[in-house]
Amino acid sequence: MKQADLVRYSIRDLQDFRATRRLATLLSCLLLLFILPTQAATLTGTVVSIADGDTITVLDADREQHKIRIAGVDCPEKAQPFGQRSKQSMSALVFGKEVDVQWNKRDRYRRIIGKVMVAAPSCRATLCPKTLDAGLTQLTLGLAWWYRKYAKDQSSEDAGRYEFAEQEAREKRVGLWADRHPVPPWDWRKGER
């Protein structure tokens with residue numbers, strides 16, 4: 001083999017190596033884009049507003065307001081039967097209290113979708129652990145539907161707890177389940193009232 005051929009092969013090998021390295025870097029960056037959004041973040045703040053049974057506003061330490069959509073549940077709309085009771089229940093659970101919102105995505109309205117944790121109302125200590133899941137509580141009280149459509153966004157443990165809580169409320173005919181034919185909010189919003 002001639003020396004010119006060796007140089008040509010060496011240059012081609014070097015170009016292939018660089019192209020492979022660029023491709024590996026690009027693939028690594030793409031992989032990070034898919035991984036990072038799924039990592040959960042925690043927002044801590046005080047609840048300053050309740051829009052309805054599954055939407056609240058949290059004020060963080062920097063005095064910035066964040067609209068939060070409670071993950072895993074869909075509560076009756078305000079004009080719907082049990083809508084006001086659901087809103088009052090959420091207010092009693094979290095209004096004016098510090099919460100931790102565990103989240104990893106936003107909805108099309110740019111609201112944070114998250115699991116809202118608050119201290120149990122029975123805790124009288126100065127610093128109580130936030131162990132009460134507001135969405136799960138709404139289900140247990142029969143003031144929400146488990147939002148099966150988004151179950152894949154929940155951990156398998158949470159999805160199991162939420163499904164069980166809704167089933168228990170149904171069987172006990174608690175809250176909205178006392179109604180013979182409760183209309184899910186997703187149907188209500190479509191005009192199937």
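Predicted model: local features only at pLDDT ≥ 70, side-chain atom pairs only at ≥ 80, totals over all residues.

User: How much space lies in the second largest pocket?

Analyst: The second largest pocket has about 190 Å³ of space. A pocket here is an open set of points on a 1 Å grid over the protein atoms alone, where a 1.4 Å probe fits, with protein on both sides within 12 Å along at least five of seven lines. Its volume is the space filled by probe spheres set on the points, which are joined across faces, edges and corners.

User: Thanks. Which residues line that second largest pocket?

Analyst: The lining residues, meaning those with an atom within 4 Å of a point, include Lys 97, Glu 98, Pro 121, Cys 123 and Cys 128. By class, the lining has 7 nonpolar, 1 polar and 3 charged residues. Ala, Val, Leu, Ile, Met, Phe, Trp, Tyr, Cys and Pro count as nonpolar, Asp, Glu, Lys and Arg as charged, and the others, Gly among them, as polar.

User: How far apart are the sulfur atoms of Cys 123 and Cys 128?

Analyst: They are 1.8 Å apart, and the two cysteines form a disulfide (a pair of cysteine sulfur atoms within 2.5 Å). The structure holds 1 disulfide. The link of Cys 123 and Cys 128 is left-handed, with -90 degrees about the S-S bond.

User: Switching topic: what about the largest pocket?

Analyst: The largest pocket has a volume of about 940 Å³ and is lined by 37 residues, with Arg 69, Asp 107, Ile 113, Tyr 147 and Tyr 150 nearest its centre. Its lining divides into 13 nonpolar, 8 polar and 16 charged residues.

User: Last one: what does Ser 86 touch?

Analyst: Leaving out residues up to four places away in sequence, Ser 86 touches Gly 53, Cys 75, Pro 76, Gln 138 and Leu 143 (contact means heavy atoms within 4.5 Å). Ser 86 is buried, at 0% relative accessibility, and Cys 75 is buried too, at 1%.

Notes:
Residues numbered from 1 in each chain as written. Heavy atoms only, no water. Buried < 20%, exposed > 50% of the residue type's maximum accessible area, 1.4 Å probe, protein only.
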